[in-house]
There are 2 protein chains.
Amino acid sequence: MQFETLAIVGVGLLGGSLGLAAKARGLAGRVVGVGRDPAKLATALELGAIDEAHAEIADAIPDADLVVVCTPVDLIPRHVREAAELAAPGCILTDVGSTKARIVAEVGNRLPAHVAFVGSHPMAGSEKKGPGHAVADLFVNRATIVTPTADSDPNAVERLKRFWEGVGSRVVTMSPEEHDRAVANVSHLPHAVAAALAGTVDPAYLPVSAGGFRDTTRIAAAAPAIWEPIFRTNRAEVLAGCARFAARFEEFRKLLEADDGPGLIRWLNEGKKVRDALGS
Amino acid sequence: MQFETLAIVGVGLLGGSLGLAAKARGLAGRVVGVGRDPAKLATALELGAIDEAHAEIADAIPDADLVVVCTPVDLIPRHVREAAELAAPGCILTDVGSTKARIVAEVGNRLPAHVAFVGSHPMAGSEKKGPGHAVADLFVNRATIVTPTADSDPNAVERLKRFWEGVGSRVVTMSPEEHDRAVANVSHLPHAVAAALAGTVDPAYLPVSAGGFRDTTRIAAAAPAIWEPIFRTNRAEVLAGCARFAARFEEFRKLLEADDGPGLIRWLNEGKKVRDALGS
């Protein structure tokens, strides 16, 4: 057991899965969930993702030695600060937000000295929502990026890394800024591209679509309310990615317009090489 | 049994799967394969996808009452014409090419009067290649588009539709031109987008990528030699799709640049609506 009491603020797909994983793997003695939606809390209790449910952060935090904030990225700084004010000495706080630089900067130096905050981002999730889709193995073999800064408590960083390894993930350490660049590449830009593609296609032709379209647009089904603040809190990196992608796509259009067979083969091979490096 | 002898010209993933499906479902008495690669033919024989293998079209066609040409789209018209010259009276010929207008136009009126050609396109496949990946259920619950013209023999069209239904697919009938517009939307444009995305991302960040990136770029692993002629034989429709997609993506970029939260939500919802209509 790594922690006596794990408090999870925001019991959706990620928070619920984290509770299931921590309990299944014996990482926490007790899991306390916080959320505003009684139906979600009831589902999480029923699934055994949490042992105890609260509507208010104030009621859940005082006993916790690990707090994980799993709310939308625009709410995370406030929730971390609220939790930190109430936390017992030695409590470690983290979050699972998809952007890190702004969160870490906003939380940064505003916390009481007796607690430690380090940002995290498990690269796990789904286009599905809510604790009803939670699974204990959501983090297995997925990367979790931990983003310490020069101010971070090294002991808290180590304990947090062990926790994420404990739920089955591979821990990668980056600065908050490098994290945001990395996920702009592999997550935020792909999301914008998939959503643009879904918004381009003539729905009349969906009945003849196949696996390629299904895969390429899958993440466009995700909740806009989750993604809007992700894009906005990683705006500069996503805009830079957009410019690179648009230029790359324009290369294709020009090659096809010129009916340039060898050029198209070369261009397709460049993309294939990257995708092949990832494996199926 | 719908046909005595099915000849498959080009025994790759699609041709091999078609042989397996036709035999598993008792649609053909005998399946004859044609290909230039002895290793592929040997694999197809071993898997039971074909009963007999030939290097030359001339040796495989005379007994066939159904010929399915499964070679790359740029070779299909020539292979159909070659097969048609040798085919017995009443033989039906089709192909599985991913574009149809050019193939149907090039084959069109140049065939002997005693055979019938109707274009087909099963919306099945994979980023994988070769008969080693062939499976008998590749066509199950997938759309197969059949593209008759005013000149098509109605009896041949009916028999061909029954054959595609026989291997498990849903048959949809379109003109060759409408087919090409449909697949530009749901297949060719998505392929270009996925390949552009794979070619944009910094490979250094692949280790922290997750399911979203994996899904969105999966088809970028497909063989460039297959896709280059697909794009080139559906050039006008793909270019039209590129222009629509680029405009749609630029909308996103501008909304993010303007930090327009409600606009981003609206834009994301428009894509989500299309993707939700497809189901998971």
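Helix α10 of chain B, residues 235-257, has 23 residues and spans 32 Å from its first C-alpha to its last, close to the 33 Å expected at 1.5 Å a residue. The model is predicted: local features need pLDDT of at least 70, side-chain atom pairs count only at pLDDT 80 or more, and totals for chains, interfaces and linings use all residues. Residues are numbered from 1 along each chain as its sequence is written, and chains are lettered from A and ligands numbered from 1 in the order in which they are written.

**Helix α10 of chain B**
- Helices are DSSP runs (H or I, at least four residues) and strands likewise (E, at least two), numbered from the N terminus.
- Among the buried residues of α10(B) are B:Phe245, B:Phe249 and B:Phe252 (buried: 20 or more other C-beta atoms, placed from the backbone, within 10 Å of the residue's own).
- The cover over these buried residues includes α7, α9 and α10 of chain A, together with α7, α9 and α11 of chain B.
- After α10(B) comes B:Asp259, with a positive phi near 55°.

**Contact between the chains**
- Chain B and chain A each contribute 73 residues to the contact (C-beta atoms, placed from the backbone, within 7 Å).
- On the side of chain B that touches chain A, α7(B) gives the most, with 15 residues.
- Because 100% of the interface residues of chain B are also interface residues in chain A, the copies meet through the same surface.

Conventions
Expected span 1.5 Å × (residues − 1). Buried ≥ 20, exposed ≤ 12 C-beta atoms within 10 Å, placed from the backbone. Contact = placed C-beta atoms within 7 Å.
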